[in-house]
Amino acid sequence: MTSQGDAARFGWLRPDVLSIAAGALIAAVAPLERFDYVARGLTASALADAAPSAQVLLVTASPEALRDGLCERSLPGLLERGRARGALLVPPADAFCGGGDAAGRAAGAAPVVRMPPALLRLSAGEVVGFFPLAAEARAAELGALGVSAAPWVLKKAPQSVPAVSLRDLADGQVPAAALEGRVAVVGVGAGGVAPQAVATSALPPAKGIAAVLGGLLDGGRRASAPAWVPALFVLLAGGLVWLARRRHGSLVATTALFLATFALAAGQSVLAARAEASLLPLPSTLFGLAVAFAGVMILRGLAVQRSVDRAAELIQRAALFRMQGVHTLRDEEFWPRVARLAEQAHPADLVLIAELPAGSWHLRFWNDRSDPRGGESLVAERRHDVRRPPYSSEQGVPAIRLARRFLTKQDMPAVVVPLIAFGEIEGYVFFCGPVAEQTFSREPERAEHVGRELALLLRRKRLARTAEADAGGAGDDRAGHAPEDDLVEGARVALDDLQLFGSMLRSAPVGLLYADAFGDVRFVAPAFAKWLRARDVVVPAESASAALPPGSLTLGDVLGATSAGSAAVSLSSVMASDEGIELSVSAPEPYVLSVRPLRRESDGSTWIAGYVAALIPVKQPAPGSGNVRPLAARDATDPLCAFQLGDVVAEAVASAARATGRAVRLEPIRGATHALGHRGELAQVLEAFLTDVAGRGLPGHGPVVSVREAPQGVQLSILDVGFGLGLPESALQRVLTAPGAAPAGLEPLGRLILAVEDSHGQAELKTNDGWGITLTVTLLRAHPRVGGTAHEGGKPAAQNVIAIGRAGPK
């Protein structure tokens with residue numbers, strides 16, 4: 001319950017929702033600061049006001065006029081006569097016009113101030129605003145002219161800023177009243193241009209300063225919007241895309257993304273034209289929107305693609321076990337498979353299959369080779385007309401016959417077999433080569449039997465294809481198949497497989513039975529049903545597919561028929577065992593009843609999805625002759641004897657170290673370690689096992705061997721760090737259960753376990769997480785006898801150890 005509550009509480013933490021939140025956070029933080037600055041400048045420039053400015057007048061002076069001192073002589077008088085607000089000198093005109101000295105001006109005179117380039121805010125090479133004036137010595141005079149700190153300004157368009165030539169003002173061609181109430185921005189311009197081209201003749205940055213100052217004085221100051229504005233926009237746009245993706249699919253969601261992008265651009269234009277703090281970080285906002293879109297679309301698309309890939313993989317695996325109908329195969333696959341079937345049924349050096357298309361008299365050839373249509377090139381007869389020899393006799397009757405000079409290899413004969421089903425020719429099969437000729441002369445009925453079965457197979461394909469074509473033509477003219485058509489086709493294939501499964505149960509040589517997860521028997525083979533009826537169990541009549549209705553026969557009834565009232569044959573015994581149970585039944589004939597649960601696993605848990613049972617007859621062994629005695633399985637030179645296990649282990653460790661060139665560590669031997677067993681066999685297999693383990697181990701991590709006395713007997717332990725890397729548990733289980741059939745690479749371990757079991761000992765394997773695998777061998781301890789003497793391999797043994805059996809060589 002706790003896990004389900006946590007899952008419901010944190011169910012919103014999905015990748016798509018988290019990506020929308022991440023996109024809103026990116027828009028709020030605005031990590032693309034440099035690009036955001038440029039975008040704000042471009043936005044302010046794009047929204048330039050085209051109305052004529054009443055606050056600024058651009059005054060241009062040609063280089064010749066500046067060198068003649070025209071600006072320095074006439075500018076103060078012009079400003080006074082025109083009652084101008086002041087003059088702003090833009091470099092390099094400030095070097096020729098004076099200004100900047102407030103003490104030298106008369107009281108009440110209009111200020112003439114040089115424009116410091118450091119105060120200009122530039123974006124994409126254009127003036128977009130002014131930096132703060134706190135550190136500037138002429139801050140008061142610049143402030144009097146309207147120059148103040150503004151990050152971005154909706155400037156005036158260049159053509160909307162009035163512009164005149166200084167020469168025209170000085171000569172009186174333009175009245176000085178044009179300066180009234182305005183700030184004169186004096187810059188360098190080209191001389192001798194028409195009056196209408198004066199504004200465009202001014203050199204940067206005079207044009208940009210005049211446009212920005214005009215916009216600033218007209219209230220065009222702009223600043224960045226609050227951080228929550230782009231974050232809120234990304235949240236809303238991301239939610240719109242998520243909703244569109246969930247309800248209407250990817251195309252509508254992509255359209256929603258484009259609409260959100262258009263709304264962002266349009267909204268920025270509307271906000272920037274009306275509010276001061278309105279410039280959004282467009283690149284960061286678009287980046288956040290892209291992250292949200294990626295989470296909603298791409299991550300979900302990846303999940304869907306991953307699901308599709310897994311489904312395709314499962315379908316591909318299932319196709320290996322599915323019985324596909326003959327009519328569903330493509331021609332490129334169907335005809336070569338028919339050729340392979342014919343080759344299995346009738347010996348031949350080469351098999352050709354000829355298809356007779358509907359409404360035609362000419363054959364198309366196939367064969368089971370790398371190029372299925374390569375059969376055409378093997379046939380020397382080019383007309384392929386079934387009404388002519390060798391396909392028919394001179395009277396036009398198709399019949400099995402032996403043809404020569406039919407193939408391009410003139411010396412290779414061919415047995416021509418027409419495939420006739422219900423009086424109609426479906427095609428031909430050609431068994432080519434001397435082997436086919438000999439088989440046909442010896443068993444002519446064999447070709448006839450093969451031809452009849454192949455003809456029925458081809459007829460089934462043709463009729464099924466014709467039925468599908470008629471069904472497709474009866475409907476409307478739609479391209480492709482509708483989803484319901486695919487469902488109907490899948491159901492039909494499943495029904496075919498079910499019928500084949502029923503046929504398999506009915507024809508099985510042993511009794512088979514299947515029960516579902518509820519214990520209801522759903523399929524039962526006739527042999528099994530006969531056995532149940534012989535034990536007075538009511539078995540209902542099977543259907544055409546060998547299926548039984550639920551509840552008509554239960555698995556408990558089957559188990560109860562073995563030995564009624566016995567707990568060993570209850571259904572709970574089957575449930576408790578993964579390997580199932582085996583019961584011996586003697587009447588009416590000896591059988592072994594094997595019942596096994598079918599388990600499935602999901603989300604870390606397993607459950608029983610059904611049960612399968614097999615009734616296997618037991619063959620009684622033939623009585624042996626009285627004068628036959630089985631031979632001993634072991635060489636008499638290696639008897640069961642007492643020996644010192646420590647000496648055997650020490651020699652095996654030294655031999656393994658010499659053979660592999662790697663260190664094999666032997667712990668100090670604790671105890672006398674006198675054991676009982678087949679010394680020669682144990683020494684041989686132990687040396688081979690240690691050599692294999694040391695050779696496969698990691699450098700510096702060889703096996704560690706220890707021998708000690710234990711209450712259970714004499715124990716040999718081998719701790720190996722590298723041997724078990726990547727070793728599955730199933731391999732360990734198999735080598736312990738069947739050491740004589742150990743998996744590849746574990747044969748030395750299997751031989752060692754067999755030798756230990758032959759010596760009446762036992763072996764145990766234990767996996768240690770992170771520390772390899774420990775093999776523990778326990779042998780019987782040789783019991784001491786006071787004063788006894790024993791010899792082992794010609795060497796005197798310990799005085800308190802007695803050997804059992806005849807001593808063999810070491």
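Colleague: How much of the contacts with a separation of 6 or more comes from residues 24 or more positions apart?
Modeller: Those account for 65% of such contacts in the chain, where contact means heavy atoms within 4.5 Å. Bear in mind that this is a predicted model: local features need pLDDT of at least 70, side-chain atom pairs count only at pLDDT 80 or more, and totals for chains, interfaces and linings use all residues. Numbering starts from 1 along each chain as its sequence is written, and side-chain values use heavy atoms, with hydrogens and water left out.

Colleague: OK, and how many helices and strands are there in the chain?
Modeller: The chain has 24 helices and 29 strands. They're DSSP runs numbered from the N terminus, with helices being H or I of at least four residues and strands E of at least two.

Colleague: What share of the residues is buried?
Modeller: 40% of the 810 residues. Buried is under 20% relative accessible area, exposed is over 50%, and partly exposed is in between, with a 1.4 Å probe and protein chains only.

Colleague: Switching to helices: how do H21 and H22 pack?
Modeller: H21 (residues 645-660) and H22 (residues 679-696) pack at about 35°, and their axes are 8 Å apart. The axes are lines fitted to C-alpha atoms over the stretch in contact, and angles run from 0 to 180 degrees between N-to-C directions.

Colleague: Which residues make that contact?
Modeller: On H21 they include Val 648, Ala 652 and Ala 659, and on H22 they include Ala 683, Leu 686 and Leu 690. By class, the contact has ten nonpolar, four polar and two charged residues.

Colleague: Last one, Ser 717. Why does it count as buried?
Modeller: Because its relative accessibility is 16%. Ser 717 is in strand S25 (residues 713-720). Leaving aside neighbours within four places in sequence, Ser 717 contacts Val 704, Val 705, Ser 706, Leu 775 and Thr 776.

Technical notes. Nonpolar A, V, L, I, M, F, W, Y, C, P; charged D, E, K, R; others polar.
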